[in-house]
Amino acid sequence: MSQPSAHDVVIIGGGVTGAGIARDLSLRGLSVLLLEKGDWGAGTSGSSSWMIHGGPRYLEFDWDTTRLSTTDAGHIVTIARNIVYRVLFIIPVLPHDKNNIERMETAMEVYDRFQPLKKSHPHKRLTPQEALEIEPGLTPDMVGAVTMEEWGVDPHRLVFANVQDAVANGARALNHTKVVELLRDAGAVIGVRYRTSDGAYSEARAKVVVNAAGPWVPEVGHMAGVDVQLRPAKGIHIVYPHRISRFAISAESIDGRDLLMVSHAGFTLLGTTDDDFYGDLDSVEVLRDEVDYLLQGFERVFPAIRKFRPVRTTTGVRPTLFKWRRYEDELSRRYQIFDHASDGVDGFVTIAGGKLSMYRLMAEETSDAVCRKLGHQSPCVTATQPLPGSESDMEPAEDLARRCGISALAAVKLQSRHGSRAAEVLDGAAAGRVVCRCEPLTEAELSYSARREQVRTLADAFRRVSLAGGPCAGAACVMRAAEIVGRELGWSASQRFDAVRDFVQSSWLGRAPVLTHAGWAQEELVQGATRGLFV
Amino acid sequence: MGRTDSLAKLALAYGMHLTRRRLRPARSQLKPLLDLYAADGLAPLTPEEQEKHPQLIGCINCGLCAFAAGRLARTRLPDLASSYARLYSRLGDAAGDVDGEEPDWEAASAACPVGVPLEDVARMVRRLAVG
């Protein structure tokens, strides 16, 4: 084992909160080590609805949460301006919905008061005919509709942008690195013992250890002998590899919950469920019942939904704060910071609860708590300091395409991931062939992600640069992608085969619950393309 | 306390909303809506496109149409159906990619194992790309 490294702060958990704290503290001049047992944003953050939203449903429970959420959303869309995009919701109202059209418009009128905080436009009201004109797939049974604007973001890129900036400001950040023990001295936590991706063990000493492990917060807490109670809630989404509608659409499930079908950059997420979860956090499966629950609720407002071919599902567990008796949907999305000095465990801070849309604020307040413990006085700058890729305006995609010899669509996609730094990704190298044609993703960008963006597996590449994120689910590209990533990481031939097999097998788990008709045709193609890997 | 307070404020807003609706005649907000979001690439599909939409986006990227008919302008046919047809909001920035010589659409569609109507895909993509 190597000599322990020394840091001001060690952060456990590389979701959006942990990454945000690492960025915040490193910008304040502290030395930071960020550890993530899987990949950046691979847990709860990555399985979210991909939205920076203000939470209009909290208006029923707590306007402060809406205000906090919209204010912080405003900061996020400013600092990440090149990777966020507007999402326009159509909310159709049907005759027997829990809210009639007047109540629904009232809620939107109230929400409009908060919309300027996140640079969004106010709602509009549409007659049934007008709603059908802009979205002919809606049911003609509706009595009217209102619109609502939110922001979309790729959470994987948002998390990585925070990691990237933390590293640029002096932090060390290791993915695929699991904390196996907290180091203790007379009750206080003084560091961590961890295992890296190559199986080696190391230690890091720190004045403060931050537990930002999302739903794994209680598990990490137990290592320090403290009890942090959560009420974990499972949520799933169905993923369609195209935009089914140009708009996002809301619906009501059989038990009156709000469902959303959200159009993102070339794909659609339909979700989500919200169920108490007691199982293994490292092995969360999607059930066909959950898929049927979503489709049943959604086909009431969008009757043709079952004709579209889903390509996979996603699932994650929300780290909701503990509360007895309430229904899952009524639980607060507020967060809480615990300084465990009050439990007799000094040097250990936990951040629990919250949501993606408030990650920056959660990170700021956690960082404030850490700075207070360290007696470090430096203001937070993350509300105004742009994230990597959002420092300046992007050049026109066609110019970038011409200069780099790629299609304009490939340039658009490159910019959607790297913002104003898109040209840097291809700098000094020919863009090369397009390796994932659905996306489209160039060989140069994939190589860059392995070289510069801590991609260590093909699933990491899926998160970082959307490899195999399209309609063919990797049938046409994973073998070639393994060669490219393997070349950068020094994989042997058998390691490349192993990488493809691992990717195909884990993708299958997410795909199986939604395979129908054309889905099976596509599955045959994937299995055919990778035949020979499973003998 | 928070919940009671929130519901009371919503009730007040509801009363004001109903009063406003009685006093002020409703005007169509469709055109202002479409104008507002035109720059964000949120042009709607037509009813015909919506009707065929499950087929238009059914491509599994097997590549057979490329063998049968090649390209539309600079764009390989499977890319048209698997990538451009995903209707990115910034499709307009890539309008030049799909502007040019036409392939043999009949041959392309005949080769498709899942029945994607490729000529219709091209029509939809071009319409949305030019805005």
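Strands β8(A) and β9(A) form a hairpin with 2 residues between them, and Ala186(A) in the turn has a positive phi of about 50°. Strands here are DSSP runs of E with at least two residues, and helices are runs of H or I with at least four, both numbered from the N terminus. β8 (178-185) and β9 (188-195) of chain A run antiparallel and are joined by 7 bridges; two strands pair if DSSP finds at least two bridges between them. Asp185(A) stands opposite Ala188(A) in β9(A).

This is a predicted model, in which local features need pLDDT of at least 70 and side-chain atom pairs count only at pLDDT 80 or more, while totals for chains, interfaces and linings use all residues. Residues are numbered from 1 along each chain as its sequence is written, and chains are lettered from A and ligands numbered from 1 in the order in which they are written.

Ile12(A) touches Val179(A) and Val192(A), among others; contact requires C-beta atoms, placed from the backbone, within 7 Å. Ile12(A) is also one of the residues with the most contacts inside the largest nonpolar core, which has 198 residues. Such a core is a set of buried Ala, Val, Leu, Ile, Met, Phe, Trp, Tyr and Cys residues joined through C-beta atoms within 7 Å, where buried means 20 or more other C-beta atoms within 10 Å of the residue's own. Strand β4(A) gives the largest share of this core, 8 residues.

An automatic or database assignment gives chain A three domains: domain 1 (1-83 + 154-226 + 330-391), domain 2 (86-149 + 233-318) and domain 3 (432-529).

How values were computed:
Buried ≥ 20, exposed ≤ 12 C-beta atoms within 10 Å, placed from the backbone. Contact = placed C-beta atoms within 7 Å. Lists of a residue's contacts leave out its neighbours within four places in sequence.
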